[in-house]
Amino acid sequence: MGEVVSQDVLGPGYEAIELPMGRDAEGEVVATLVRHRRTEPSRRAVLYLHGFVDYFFQRHLADFYTGLGFDFYALDLRKYGRSLRPHQTPNYIESLTEYFAEIDAAVRIVRDEDEHGTLLLNGHSTGGLVAALYADRVRGRGLVDGVFLNSPFLDINEPWPMRKIGAGLARALRPRLPKAPLPAGLSDLYARSLHREHEGEWEFDLAWKPLLGFPVRAAWLDAVRRGQRRLHRGLAIDAPVLVMASARSVRPSRRAPDVTGADAILDVEHMARWAPRLGPHVTLVRIDGGLHDLVLSPEPVRGRVFDELARWTNGYLPPEAG
């Protein structure tokens, strides 16, 4: 496929594999697979999918998985992070199914080229929605052995009338003004609570994950709503699924800027409501004090997230595959 392999921006121990994805209306498209392997050979692997206004930067997540016996892979989807090109609209997509091409390419590398027999698919937020739809699409093919969804984007975090109005506006604009920005801007309070130059403890590239995010565009929101409606009708993922969410949500504002100890992006009750629609074998775990990206929660909450994930992984995934 003409993949280009180089040292990743995270430094030694991390490789970046550029995956050519052809062209779309904006020009050439690529995705980027980040690879971080254990010192000892492993037949188990995890593939991580990030959320909206995001990319892979969580070294400690990779370290957790390699310590658990997995080789770690993360996919920066087209027009995100490492894969964003100057001619492209950041984070833009017209159908979530477009991402399936790069996930297919990543799975081929993980399973065929790198010869892993067990694959865990880990998605966060919008990446959680994409991961669920992908796992449902490939059911019966033995490609995905488990699915971990970290605060998945299973519904719009607005009251029902606003969800209806927003979805209708996005659907109406998509045919002629697909890139029209919608009045649904993100607060910078959550991102500020994460970044070490503000109130957080994490380092990430503010060009790829800006504090104020990127505009929510009509076609993107319509694509998300179509994916969510598909999930609401019911998927049939044939692998064990772990859904993890914070115990509560909070709506940040300048008058109420405290976003600690809760999900400040999505409604966690939506996750609990729709999780049973993923498939026949779903585990739901609620994390008291968890942030939207649970693995970025402060200690000791972060430790509880990893303890729960390790317990589930050891219980439901094979230790090795032949």
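Student: Which side chain does Arg 35 meet in a salt bridge?
Tutor: Arg 35 meets Glu 15, with 2.8 Å from N to O, where a salt bridge is a side-chain nitrogen of Lys or Arg within 4 Å of a carboxyl oxygen of Asp or Glu. This is a predicted model, in which local features need pLDDT of at least 70 and side-chain atom pairs count only at pLDDT 80 or more, while totals for chains, interfaces and linings use all residues. Residues are numbered from 1 along each chain as its sequence is written, and side-chain values use heavy atoms, with hydrogens and water left out.

Student: Where do Arg 35 and Glu 15 lie?
Tutor: Arg 35 is in strand β3 (residues 27-36) and Glu 15 is in strand β2 (residues 15-24), so their pairing ties together parts that are 20 residues apart in sequence. Helices (H or I, at least four residues) and strands (E, at least two) are DSSP runs, numbered from the N terminus.

Student: Is Arg 35 buried or exposed?
Tutor: Arg 35 is buried, with a relative accessible area of 8%, whereas Glu 15 counts as partly exposed at 26%. Buried means under 20% relative accessible area, exposed means over 50%, and partly exposed is in between, with a 1.4 Å probe and protein chains only.

Student: Which residues are linked with Glu 15 and Arg 35 in a network of salt bridges?
Tutor: Arg 37 and Asp 114 are linked with them in that network, and the structure holds 26 salt bridges.

Student: OK, on to rings: how many aromatic pairs are there?
Tutor: The count comes to 13 aromatic pairs, where rings of Phe, Tyr and Trp (its six-membered ring) pair if their centres lie within 6.5 Å, and planes under 30 degrees apart count as stacked, over 60 as edge-to-face and the rest as tilted. One of them joins Phe 64 and Phe 306, which are stacked at 4.4 Å centre to centre with 20 degrees between the planes.

Student: How many residues apart are Phe 64 and Phe 306?
Tutor: They are 242 residues apart, with Phe 64 in helix α1 (residues 59-67) and Phe 306 in helix α8 (residues 301-316), so the pair links distant parts of the chain. Both Phe 64 and Phe 306 are buried, and they belong to one aromatic cluster that also includes Tyr 48 and Phe 56.

Student: What sits over the ring of Tyr 92?
Tutor: The charged end of Lys 179 does, 5.4 Å from the ring centre; a charge sits over a ring if NZ of Lys or CZ of Arg is within 6 Å of the ring centre and within 35 degrees of the ring normal.
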